[in-house]
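Could you walk me through this model, one question at a time? I would like each answer to show how it is reached.

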Amino acid sequence: MSGILLIIQFVLAVIITIIVLLQKSSSIGLGAYSGSNESLFGAKGPAGFLAKTTFVLGFLFVVNTIALGYFYTKDSQSSILDNVEIPANPTPATPAVPTAPVAPQSDTQPNQQGQ
């Protein structure tokens, strides 16, 4: 679950960055959310729409961040070793006995021409 939320987090970050860069720098900022009478594409054009979209995406980003924190904390409280089964009477492993190296045998017979 946290993998999906992490991907959504990256996508939201990229979209918010693009939306913020599309806005004019002389916008009224957070004053747009204090009850001004803007329509979707009203007198100010897409500026109100982009500001509202930024607000909604920012809210989704914060909610997603809180959800990621919750799931990461939940996952960090468990361990892989919690699922390991340990036998009641473990049998000690016998060590391997080293063997001496064997010399290679030659297939050729000694030359007996002198006899």
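Here are some questions and answers about this chain.

This is a predicted model, in which local features need pLDDT of at least 70 and side-chain atom pairs count only at pLDDT 80 or more, while totals for chains, interfaces and linings use all residues. Residues are numbered from 1 along each chain as its sequence is written, and side-chain values use heavy atoms, with hydrogens and water left out.

Q: How many helices and strands are there in the protein chain?
A: Helices (H or I, at least four residues) and strands (E, at least two) are DSSP runs, numbered from the N terminus. On that basis, the protein chain has two helices and zero strands.

Q: What percentage of the residues in the protein chain is buried?
A: Buried means under 20% relative accessible area, exposed over 50%, and partly exposed in between, using a 1.4 Å probe and protein chains only. The protein chain has 115 residues, and the buried share of them is 14%.

Q: Is Asn64 buried or exposed?
A: Asn64 sits in helix α2, which covers residues 46–76. Contact means heavy atoms within 4.5 Å, and, leaving aside neighbours within four places in sequence, Asn64 is in contact with Leu5, Ile8, Gln9 and Leu12. Because its relative accessibility is 7%, Asn64 counts as buried.

Q: Which residues does Gln9 touch, not counting residues up to four places away in sequence?
A: Gln9 belongs to helix α1. At 12% relative accessibility, Gln9 counts as buried. Its partners, with that sequence limit applied, are Phe61, Asn64, Thr65 and Leu68.

Q: Why is Phe10 classed as it is, and what is its relative accessible area?
A: Phe10 lies in helix α1, residues 2–22. Phe10 is classed as exposed because its relative accessible area is 56%.

Q: What lies 2.7 Å from a polar atom of the side chain of Thr53?
A: Thr53 is in helix α2, and its C-alpha is separated by 8.7 Å from that of Ile16, 37 residues apart along the chain. The atom at 2.7 Å from its side-chain polar atom is the backbone oxygen of Phe49.

Q: What is the angle between the planes of Tyr70 and Phe71?
A: Rings of Phe, Tyr and Trp (its six-membered ring) pair if their centres lie within 6.5 Å; planes under 30 degrees apart count as stacked, over 60 as edge-to-face and the rest as tilted. The structure holds one aromatic pair. Tyr70 and Phe71 form this edge-to-face pair, with 5.3 Å centre to centre and a plane angle of 70°.

Q: How far apart are the end C-alpha atoms of residues 55–73?
A: UniProt, in an unreviewed entry, lists residues 55–73 as "transmembrane region". UniProt positions are given in the numbering used here, feature names are shortened, and annotations may be inferred rather than shown by experiment. In the model the span is 100% helix and 0% strand, and its end C-alpha atoms are separated by 27 Å.

How values were computed. A polar contact is a pair of N or O atoms within 3.5 Å; within protein, one must be able to donate a hydrogen and the other to accept it, and residues adjacent in sequence count only if both atoms are side-chain atoms.
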